[in-house]
Amino acid sequence: MILLTEFGREAFWPITIILLFVLGGWTRKKTAVVIAISMLVLIPLGELAKDIVARPRPVIPASDS
């Protein structure tokens with residue numbers, strides 16, 4: 001789980017897709033292709049949505065020390 005947290009989607013999902021495609025039968029190969037196409041569409045769309053919305057971060061008040 002630590003590796004998944006550190007590397008996230010950049011390492012986990014491509015490896016998963018490749019394993020599904022290489023080791024799977026016809027159904028798993030189709031699944032791997034659908035996942036790959038979905039990632040190619042949704043990742044840029046998510047980044048674009050973040051730029052469009054661009055909400056400011058909340059302000060953290062200084063402590064009364």
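Me: Which helix is Val-33 found in?
Reply: Quick heads-up: this is a predicted model, so local features need pLDDT of at least 70 and side-chain atom pairs count only at pLDDT 80 or more, while totals for chains, interfaces and linings use all residues. Residues are numbered from 1 along each chain as its sequence is written, and side-chain values use heavy atoms, with hydrogens and water left out. Helices here are DSSP runs (H or I, at least four residues), numbered from the N terminus. On that count, Val-33 belongs to helix α3.

Me: Is Val-33 buried, partly exposed or exposed?
Reply: Buried means under 20% relative accessible area, exposed means over 50%, and partly exposed is in between (1.4 Å probe, protein chains only). Val-33 has 39% relative accessibility, so the label is partly exposed.

Me: How do α2 and α3 run relative to each other, parallel or antiparallel?
Reply: Two packed helices are described by the angle between their axes and the distance between the axes. Axes are lines fitted to C-alpha atoms, for helices over the stretch in contact, with angles from 0 to 180 degrees between N-to-C directions. The axes of α2 (residues 9–23) and α3 (residues 26–53) come within 7 Å and cross at roughly 155°. Angles over 145 degrees count as roughly antiparallel, so α2 and α3 are roughly antiparallel.

Me: Which residues does Phe-21 touch, leaving aside its neighbours within four places in sequence?
Reply: Phe-21 lies in α2, and its C-alpha is 5.7 Å from that of Ala-32, eleven residues apart in sequence. Contact means heavy atoms within 4.5 Å. By that rule, Phe-21 is in contact with Lys-29, Ala-32 and Val-33.

Me: How far from the ring centre of Phe-21 is the charged end of Lys-29?
Reply: A charge sits over a ring if NZ of Lys or CZ of Arg is within 6 Å of the ring centre and within 35 degrees of the ring normal. Lys-29 does this over the ring of Phe-21, and the distance is 5.1 Å.

Me: What kind of aromatic pair do Phe-12 and Trp-13 form?
Reply: Rings of Phe, Tyr and Trp (its six-membered ring) pair if their centres lie within 6.5 Å, and planes over 60 degrees apart count as edge-to-face. The count comes to one aromatic pair. Phe-12 and Trp-13 are 5.0 Å centre to centre with 75° between the planes, and the pair is edge-to-face.

Methods: Rings of Phe, Tyr and Trp (its six-membered ring) pair if their centres lie within 6.5 Å; planes under 30 degrees apart count as stacked, over 60 as edge-to-face and the rest as tilted. Helices (H or I, at least four residues) and strands (E, at least two) are DSSP runs, numbered from the N terminus. Angles under 35 degrees count as roughly parallel, over 145 as roughly antiparallel, 65 to 115 as roughly perpendicular and the rest as oblique.
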